[in-house]
Amino acid sequence: MRRCIVDLPDRFKAYEQVWDQRMPRRLPVIIRLDGNSFSDLTDKIGCSKPFDHGFMSAMVDSASGVLAYTGGLLAYTCSDEISIVMRNDNTVDTEPFLGNRVQKLASLCAARATYEFGKWYDGGIFDCRVFIVPDIQEAANYLIWRQLDCWGNAVTSQAFWGLAAKYGKKTAMKMLHGRGTNERQEICFQELGINCNDMETRWKRGVVVKRVNYEASVREVVPAGRIAELEGKPGFDPDKVVVRSKMEADMNIPRFDGDETERKWLMDVLGG
């Protein structure tokens, strides 16, 4: 019995290691986060329909927090979803975040998104999936897919809530059942007088958060109390210029499947 107890750590670590899957290195990594049961949550916290500025601000802040945590290239958010694109082939020495360990990535990124969202609203939790794609072009194609889905959802939301206000929810559901995005867009125009192309870009295309480098003096980025402690020490210069980074949200992004200029915008952000 004693020997069996001594063996327990190795036994159970072996069980864990079987499922501690690691994705191949030096390939783009996609982290996709979804709000769990957020349709119920938005009702509970009283979000405006079809679109709510406070909810979007919470999602952008959540995306910014996860992007800063992972060191990814960009975060894309629309509705209750966040996608992070990461690369680990920047240099020959670049190591993948968390060793590309699937369970670590999924659990910690979901936790970080939940934490950031909780600064705005209680009760929101995220699920997460992670995977690799063959190259950066396929990462761009992934974002095209998510943006097209964003457009379809935006049209559906605009149509449903507009029709619900006019005819009631049951009638709105019947009018939209089995209709594609183009048909729903036409219903918006004919029944509600709304041209979905005129919706704000943030609603119809989503938002991209990216890392932006900037220069600042040590005095500007170090707390005043710390500056006072360091002043007078050999080599310390509070006016020395250093490079820092911050997360910046772009609310007016182009169509990812658009013309050559729009596609270039996306590939430049991805470093392709």
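In what sense, parallel or antiparallel, do strand β1 and β3 pair, and over how many bridges? In this predicted model, strand β1 (residues 29–35) and β3 pair in the antiparallel sense, and six bridges join them. Strand β2 (residues 74–78) also pairs with β3 in the antiparallel sense, here over five bridges. The table sets out the two pairings, each with one of its bridges.

| Strand paired with β3 | Sense | Bridges | Bridge partner in β3 |
|---|---|---|---|
| β1 (residues 29–35) | antiparallel | six | M86, partner of V29 |
| β2 (residues 74–78) | antiparallel | five | V85, partner of L74 |

Two residues lie between the strands in the hairpin of β2 and β3, where S79 takes a positive phi near 55°. Strand β3 itself (residues 81–86) is mostly covered, with six of its six residues buried. In a regular strand the side chains alternate between the two faces of the sheet.

On the side of α3, the contact is made by F55, A58, M59, D61, S62, G65, V66, Y69 and T70, while α4 contributes L108, C109, R112, A113, E116 and F117. By class, the residues of this contact of α3 with α4 comprise nine nonpolar, three polar and three charged.

Conventions. Residues numbered from 1 in each chain as written. Predicted model: local features only at pLDDT ≥ 70, side-chain atom pairs only at ≥ 80, totals over all residues. Heavy atoms only, no water. Contact = heavy atoms within 4.5 Å. Helix = DSSP H or I, 4+ residues; strand = E, 2+ residues; numbered from the N terminus. Nonpolar A, V, L, I, M, F, W, Y, C, P; charged D, E, K, R; others polar. Buried < 20%, exposed > 50% of the residue type's maximum accessible area, 1.4 Å probe, protein only. Pairing = 2+ DSSP bridges.
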